[in-house]
Every structure is written in structure tokens, then in C-alpha cells.
Amino acid sequence: MASLVNIGFGNYVNAQKVVTVVNPDAAPIKRMVQNAREIQRVIDATQGRRTKSVIVMETEQIVLSAMQPDTIARRFAASYVSEQDMKGDEQ
């Protein structure tokens, strides 16, 4: 079953398809986002707010979020823990 993680404003990503969550301020990340925009691989989940994190997916898509990377990381960690708890309950 897919584990969905809230990345803000009611938007979710499949936790198993995420490669990394990074801060958008570094020049290489800005270039990566711009290149992805040019080939239409960017999903903007900021709801018009400032981009605070960039989520790179296995599918080579880039998801922009208005939440801090550490907040998203905590949600991934909580999702992983609850997923492990559910696996333990099934056995």
C-alpha cells in the first residue's frame, strides 16, 4: 500500500517514490528546477506561496512545496514509523 505524506495545503506525495527533499536556495537546485520546468516535469504544490523545499521523485518529476524541508522530513519519518507499526500488527 502506498504511504502518502502531506507536503502542505492538502497535497500529498507517495513516500516510496521520493528520492530527496532539499532546500531550493542553492544554485544547482535552482538550475535543476528550471531545467525541469522547461521539459514540463515540475509540479507546483505551493499554492502561490514561496517555494521552501524541492522534492525529487523517482519518476524524474520535481515537486515544489511551501513547507520547510525539515518539516517534510519529520512527516516522512512519522509515516515510516507508523508503516512499521502496521507491519508489526499484521504478523
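This is a predicted model: local features need pLDDT of at least 70, side-chain atom pairs count only at pLDDT 80 or more; totals for chains, interfaces and linings use all residues.
**Two residues in one loop**

Lys 52 sits in the loop between β4 and β5. Its C-alpha atom is separated by 7.1 Å from that of Pro 69, a residue 17 positions away along the chain. Thr 46 lies in the loop between β4 (42-44) and β5 (53-57). Is Thr 46 buried or exposed? Its relative accessible area is 2%, and because the cut-off for buried is under 20%, Thr 46 counts as buried. Lys 52, in turn, is partly exposed, with a relative accessibility of 29%.

The side chain of Thr 46 makes a polar contact of 2.5 Å with the side chain of Asp 44. Beyond residues up to four places away in sequence, Thr 46 touches Phe 9, Thr 51, Leu 64, Ser 65 and Ala 66.

| Residue | Relative accessible area | Class |
|---|---|---|
| Thr 46 | 2% | buried |
| Lys 52 | 29% | partly exposed |

**The overall layout**

Stepping back, the protein has two helices and six strands. Along the sequence they follow the pattern β-β-β-α-β-β-β-α. The C-alpha trace spans about 45 × 20 × 20 Å along its principal axes. Of the 91 residues, 32% are buried, and the accessible surface comes to about 6,000 Å², with 50% of that belonging to carbon and sulfur atoms. Among contacts between residues at least 6 apart in sequence, 49% join residues at least 24 apart.

**Strands and the sheet**

Strands β1 (residues 4-8) and β2 (residues 11-14) run antiparallel and are joined by four bridges. Here Val 5 stands opposite Val 13 in β2. Two residues lie between the strands of this hairpin, where Phe 9 takes a positive phi near 55°.

Four strands form an open sheet in the order β3-β5-β6-β4, with mixed pairing.

Helix α1 (residues 27-38) lies across β3, β4, β5 and β6 (62-65), and runs at about 115° to β6.

In soluble globular proteins, nonpolar side chains tend to be buried together. In this model, the largest nonpolar core has eleven residues: Val 5, Ile 7, Val 13, Val 18, Ala 45, Ile 55, Met 57, Val 63, Met 67, Ile 72 and Phe 76. At least two residues of this core come from each of β1, β5 and α2 (69-90). A second, separate core has eight residues, including Ile 29, Val 54, Val 56 and Leu 64.

Val 63 is a handy member of the eleven-residue core to inspect. Leaving aside neighbours within four places in sequence, Val 63 is in contact with Ile 7, Val 13, Ile 43, Ala 45, Ser 53, Val 54, Ile 55 and Met 57.

Conventions:
Residues are numbered from 1 along each chain as its sequence is written. Side-chain values use heavy atoms; hydrogens and water are left out. Buried means under 20% relative accessible area, exposed over 50%, partly exposed in between (1.4 Å probe, protein chains only). A polar contact is a pair of N or O atoms within 3.5 Å; within protein, one must be able to donate a hydrogen and the other to accept it, and residues adjacent in sequence count only if both atoms are side-chain atoms. Contact means heavy atoms within 4.5 Å. Two strands pair if DSSP finds at least two bridges between them. A nonpolar core is a set of buried Ala, Val, Leu, Ile, Met, Phe, Trp, Tyr and Cys residues joined through side-chain atoms within 4.5 Å. Accessible areas come from the Shrake-Rupley method with a 1.4 Å probe; for residues, only the protein chains shown count as cover. Axes are lines fitted to C-alpha atoms, for helices over the stretch in contact, and angles run from 0 to 180 degrees between N-to-C directions.
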